[in-house]
Each structure stands twice: as C-alpha cells, then as structure tokens.
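Have the structure open while you read.

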Amino acid sequence: MVFLCSIGAQLPSGTGPIVTVHHAEKVFGALGPSVTFVRAAYFLENWGSVIPVAKAQGVLPHFGAVDVKFPQVCTKDIGEAAVKALLNPADGTRVVELAGKEDWSVQDVAAAVGTLLGKPVQAVSAPVEAAKAGLMQAGVPETMAGLYAEMYAGIGKGLVTFEKPASITRGNTALVDALRSLV
C-alpha cells in the first residue's frame, strides 16, 4: 500500500489538518506487510487559489514570511514517487519524505508566476495571526480555518518539517513548469 501523507506527519499535534495523516499513519502502518507513506512537502498547486489575485492585483499573498525558502513539491513528482513505491514494494513500513527539485520562497514563487503572466508579481506577507479571520472571510468554515491557521503557525515556527531532512527524496519538476498549468 502507498499512502499520501504530509511533511510533519510524524508529529501528534501543532500541525493543523496534517494531524489527520499522523493518525492515518498509525492505523495503516499496523495493517499490512508492505506500507509506504509518501510525506510530501507543500503542494505547489496550492498556489492556484491565489493566482487570480496575482493576475488582477500583481501580488501573491501568503500568511507568513515571504523570503524564507521552504519545501514545496509538484503533484507530478508526487505521482511519480507513488508509482515508484508501488513498483518497488516496501518490506514492512517505509517513509518517503518528498520535496521539490529545490526549496523555494514565496518570493521565488511570485517571480515564477510573474514570468508566466508576463508582468511583475510581488510576494506580500500577512501575519500568521490573521490567517483564521482571512480564511473565514474567504468562505472557509471556522473549524477548518482554525486548523489551517495552526498549520501556517507550525510552518512559521519550523514545526512542520521533515523527520529526516538528510534523506529527503527530490522531485525533478522545475518551479515554472509546476506553476504553468495554474496560470
């Protein structure tokens, strides 16, 4: 079995919605003789929800620092890692910690979006403390907005990270190529 998890899934709390895959790893890890957990970094495709803002206003909003590089990955690379894991079953439980070709900052993402749009796009930071209210204003239910706010705070504090950073598997997709279909 191959199960898509998340960076930070090794932690029992403080990670917002990621805690659900922490619990899933505990349950599924006990079920079968061959289980691979693909702990993927932040999906680059998540930026799709703010691409309309970049198009209309020339800004890429983010809750937290915009100049800090952090692990992100393209879903194409996740799919390739899952296929590889299925074709090469684990003997017992295996964890694959997956990040993109390199780590990128929000400023890097804004520059790539700007390249694709053919106009400058500026990364804009909003305080993590404003995440819950901002998400609720955008229509996210209060409970879910609170979980995402906790996740953003966990990312900002360096809590949402890989368990074994020295053994990260890297994808092959370049940042601009990963974002191309979103623009």
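1. Some ground rules. This is a predicted model, so local features need pLDDT of at least 70 and side-chain atom pairs count only at pLDDT 80 or more, while totals for chains, interfaces and linings use all residues. Residues are numbered from 1 along each chain as its sequence is written, and side-chain values use heavy atoms, with hydrogens and water left out.

2. Start with the largest pocket, which holds about 1,100 Å³ of space. A pocket here is an open set of points on a 1 Å grid over the protein atoms alone, where a 1.4 Å probe fits, with protein on both sides within 12 Å along at least five of seven lines. Grid points are joined across faces, edges and corners, and the volume is the space filled by probe spheres set on the points. The lining takes in 42 residues, and Tyr42, Asn46, Met151, Tyr152 and Ile155 lie nearest the centre; a lining residue has an atom within 4 Å of a point.

3. Which elements build that lining? Those giving two or more residues are strand E1 (2–6), helix H1 (19–29), strand E3 (42–43), strand E4 (59–63) and helix H6 (142–156). H6 gives the largest share, five residues. Helices (H or I, at least four residues) and strands (E, at least two) are DSSP runs, numbered from the N terminus. By class, the lining of the largest pocket has 31 nonpolar, nine polar and two charged residues. For those classes, Ala, Val, Leu, Ile, Met, Phe, Trp, Tyr, Cys and Pro count as nonpolar, Asp, Glu, Lys and Arg as charged, and the others, Gly among them, as polar.

4. The second largest pocket has a volume of about 240 Å³. It is lined by 13 residues, with Glu80, Ala81, Lys84, Val96 and Thr169 closest to its centre. Helix H3 (75–87), strand E6 (92–99) and strand E8 (169–170) each give two or more residues to this lining, and H3 gives the most, with five.

5. H3 deserves a look of its own. Its 13 residues should span 18 Å at 1.5 Å a residue, and the end C-alpha atoms are 18 Å apart, which agrees; the expected span is 1.5 Å times one less than the number of residues. Asp77, Ile78, Ala81 and Ala85 are the buried residues of H3, where buried means under 20% relative accessible area, exposed over 50%, and partly exposed in between (1.4 Å probe, protein chains only). Seen down the axis of H3, the buried residues fall within an arc of 105°, so they line one face of the helix; the arc is that of the directions from the helix axis to the C-beta atoms. On the other side of H3, Lys76, Leu86 and Leu87 are exposed.

6. What covers the buried residues of H3? The cover includes E1, strand E2 (34–40), E3, strand E5 (72–73) and E6. In H1, the buried residues are Val19, Val21, His22, Ala24 and Glu25, and their cover includes E1 and E2.

7. Now Ala85, in helix H3, which is buried at a relative accessible area of 7%. Not counting residues up to four places away in sequence, Ala85 touches Val2, Thr36 and Arg94; contact means heavy atoms within 4.5 Å.

8. Ala90 is in the loop between H3 and E6 and counts as buried at 12% relative accessibility. Ala90 and Ser34 are 56 residues apart along the chain, yet their C-alpha atoms are separated by 5.0 Å. Beyond its neighbours within four places in sequence, Ala90 is in contact with Pro33, Ser34, Val35 and Thr36.

9. Leaving aside neighbours within four places in sequence, its contacts include Tyr42, Phe43, Ile78 and Leu98. Val73 and Ala41 are 32 residues apart in sequence and 5.6 Å apart in space, C-alpha to C-alpha.
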